[in-house]
Amino acid sequence: MQSLKVIELFAGVGGFRIGLENSGHKTVWANQWEPKIQAQHAYDCYASHFKDSFKNANTDINDVDIDNDIPHHDLLVGGFPCQDYSVATVQAQGIEGKKGVLWWNIEQILRKKRPKYVLLENVDRLLRSPTFQRGRDFGVILSCLHNLGYCVEWRVINAAEYGFPQKRRRTFFFASLKGTSWYENMEKHHTEGDFIHNKGFFSDEFKVEQDQSSTLNLMETIKEISDTQKISDSFSYHFLNAGFLFKNTINTKKVIPEYDGKRTVLGDILDKKVDNKYFVTDDAQIWKWKELKGSKKKKVKRKDGGTFFYSEGSMPFPEPLEAPARTIITSEGGQTPSRFKHIISDPKQNKYRTLTPDEVEKICGFPAGWTNTGMPDNWRYFCMGNALVVGLIEKMGKTLRKK
């Protein structure tokens, strides 16, 4: 069973690293930089936990010397922002991505370093963005990976559907370089109807129902996949929640998670002792929380003079403790009432309160107190709102040791 050398981009407070090192892999370099602010709380947290002999880069990824700063590695990982990935042709320079779009930094590293594998995470809407050309952005990424010699498999995974205490839905995609065992696995089995179900990268740890009689399945040849400019200009595609690209063949289908193991819910991770500052005792504030969580329907006037009705359904007040938490957001915590933040009835004191930073860390799969490294509470919540669910990565790390 192989242990891979990993570099972690946009590392945050180390979610990828914890999961992969728990499954036996070794991190050899990492980069974390929060733009436009002086305090680098996430990096400071990362550095305090990982006392590395190598120098982690706390610098803008655009300033990293790829040839000299980034060591040889087998696996590149990271969670990067969902942005506009359209490209432009710049005279003799060929394809060039928009400035500030971090995908192109990843592409440049892959082009120069050629790691065997790539494991990336993004929001689920990546598969259908932008709204005016659905699927284009993911198409650009697939085109780039194809041109670099990778095959790609993706899956949208909601952590709660596999037993974790958070309803966090994210797109993960795994790319394998030609000549690797995972590339050969796809080359051998991708034409078989059960590849996504039984032979793919995600199939062992993230099982799905076998009966596909009522699910959509699209498979076709995309002849222009190598023409990144053409993909950017005119490509659109109905990407579903699972699929793969092998050479110029795309197969995508809707899969339904299948899980019968242990499930952890919000009530399972609550702290036994909670500081008074997290309790909401003001009646006016409690009323405002209830109002914001309630259903709404209002008439809105458009710029052209027309009108439409905006509506939103109600949300639980307080949060049900017998279910997983909703997605943790970057503005979680604090006394300010919000529709999207969590408010619970504390089971011991029977009083309303918000979630503590330790609880939010446990919801994301980090050890309690992980971000208690000198940063203020609002930044502890912020870091978890940007984090992934560590247990998902640990499962993927175990899969990587099988071939």
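**Exercise 1. Find the buried residues of helix 12 and say what they pack against.**

Start with the list: Val 390, Gly 391, Leu 392, Ile 393, Lys 395, Met 396, Gly 397, Thr 399 and Leu 400 are the buried residues of helix 12. Keep in mind that this is a predicted model. Buried here means under 20% relative accessible area. Next, the tally: nine of the eleven residues in helix 12 are buried, so the helix is mostly covered. Finally, look at the neighbours. Those buried residues pack against helix 1, helix 6 (181-189) and several strands, including strand 3 (75-79) and strand 8 (169-177).

**Exercise 2. Describe how helix 1 packs on helix 12.**

Geometry comes to hand before the residues do. The axes of helix 1 (residues 15-22) and helix 12 (residues 390-400) are 7 Å apart, at an angle of about 40 degrees. That makes helix 1 oblique to helix 12. The crossing of the two is right-handed.

Now the contact itself. From helix 1 come Gly 15, Phe 16, Ile 18, Gly 19, Leu 20 and Asn 22, and they meet Val 390, Ile 393, Glu 394 and Gly 397 of helix 12. Sort this contact by class and you get five nonpolar, four polar and one charged residues.

**Exercise 3. Work through the hairpin of strand 12 and strand 13.**

Begin with the pairing: strand 12 (residues 296-301) and strand 13 (residues 307-312) run antiparallel and are joined by six bridges. Pick a position to check: Lys 297 has Ser 311 of strand 13 opposite. Then go to the turn. Five residues lie between the strands, and Gly 305 takes a positive phi near 95 degrees in this hairpin.

Key: Residues are numbered from 1 along each chain as its sequence is written. This is a predicted model: local features need pLDDT of at least 70, side-chain atom pairs count only at pLDDT 80 or more; totals for chains, interfaces and linings use all residues. Side-chain values use heavy atoms; hydrogens and water are left out. Axes are lines fitted to C-alpha atoms, for helices over the stretch in contact, and angles run from 0 to 180 degrees between N-to-C directions. Helices (H or I, at least four residues) and strands (E, at least two) are DSSP runs, numbered from the N terminus. Angles under 35 degrees count as roughly parallel, over 145 as roughly antiparallel, 65 to 115 as roughly perpendicular and the rest as oblique. A crossing is left-handed if the near helix is turned anticlockwise from the far one by less than a right angle, and right-handed if clockwise. Contact means heavy atoms within 4.5 Å. Ala, Val, Leu, Ile, Met, Phe, Trp, Tyr, Cys and Pro count as nonpolar, Asp, Glu, Lys and Arg as charged, and the others, Gly among them, as polar. Buried means under 20% relative accessible area, exposed over 50%, partly exposed in between (1.4 Å probe, protein chains only). Two strands pair if DSSP finds at least two bridges between them.
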